[in-house]
Amino acid sequence: MNIVIKKMETDAEIKGKAYVHWKSWQEAYSGIVDQRYLDSLTLDKCEKIAFRRTDNVIIAKDGDSVIGFVGFGKYRNDELENAGLENAGEVFAIYILSQYYGKGIGYRLMQTALSELADHSKIAVWVLKENTKAIRFYERCGYRFDGREQIIELGSPVVAARMVLER
């Protein structure tokens, strides 16, 4: 297995990222997110999203196939800054195909995103509270819950909690 971590650049890589987005939602959120919502999240919808958001995406490739990605940037809400946490960054999404779980690829993607966000003293990530596998991963990367939660609608209400990495 020769995994390459790189910036997403080509149309083929954008389409590969879309496939990972679609497939990993089916794998990771089955039983957590309303099945009707998962059924409505089509590969075509994921491709439209992927082509709209091409900046700040790092992908993992196994040969020619995209097998994971991370999206990152400046924190999307001013609430961390209002709490005295200026200059916060955020990991918006990190997904890997399930057959690659446990091989250190997620960790490599996260470390690459964190190095891209090196000028941010705090990095936030939102995680569904029922997604225990993701929570354990974020904890191993140094993230901790900060007490902030929100209910989001994904076919039915689910609770997302914020985790923050302080450096």
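Colleague: Where do Y19 and W22 sit, and how far apart are they along the helix?
Modeller: Both residues belong to helix α1, which spans residues 11-29, and they are three residues apart, so about one helical turn separates them. Please note that this is a predicted model.

Colleague: What is the geometry between the two rings of Y19 and W22?
Modeller: A pair of aromatic rings is described by the distance of the centres and the angle of the planes. For Y19 and W22 the centres are 5.8 Å apart and the planes make an angle of 50°.

Colleague: Is Y19 buried, exposed or partly exposed, and what about W22?
Modeller: Y19 is partly exposed, at 34% relative accessible area. W22 is also partly exposed, with a value of 24%.

Colleague: How many aromatic pairs does the structure hold?
Modeller: There are eight aromatic pairs.

Colleague: Which residues do ring pairs link into a cluster?
Modeller: The cluster consists of W25, Y29, Y37, F69 and Y95.

Colleague: Staying with F69, which residue lies over the face of its ring?
Modeller: That residue is K17, at 4.7 Å from the ring centre of F69.

Colleague: Changing topic, how many disulfides does a search of the whole structure find?
Modeller: The search returns zero disulfides. A disulfide is a covalent bond between the sulfur atoms of two cysteines.

Colleague: Then what about C46 and C141, buried or exposed?
Modeller: C46 is buried, at 0% relative accessible area. C141 counts as buried too, with a relative accessibility of 10%.

Terms used:
Residues are numbered from 1 along each chain as its sequence is written. This is a predicted model: local features need pLDDT of at least 70, side-chain atom pairs count only at pLDDT 80 or more; totals for chains, interfaces and linings use all residues. Side-chain values use heavy atoms; hydrogens and water are left out. Rings of Phe, Tyr and Trp (its six-membered ring) pair if their centres lie within 6.5 Å; planes under 30 degrees apart count as stacked, over 60 as edge-to-face and the rest as tilted. Helices (H or I, at least four residues) and strands (E, at least two) are DSSP runs, numbered from the N terminus. Buried means under 20% relative accessible area, exposed over 50%, partly exposed in between (1.4 Å probe, protein chains only). A charge sits over a ring if NZ of Lys or CZ of Arg is within 6 Å of the ring centre and within 35 degrees of the ring normal. A disulfide is a pair of cysteine sulfur atoms within 2.5 Å.
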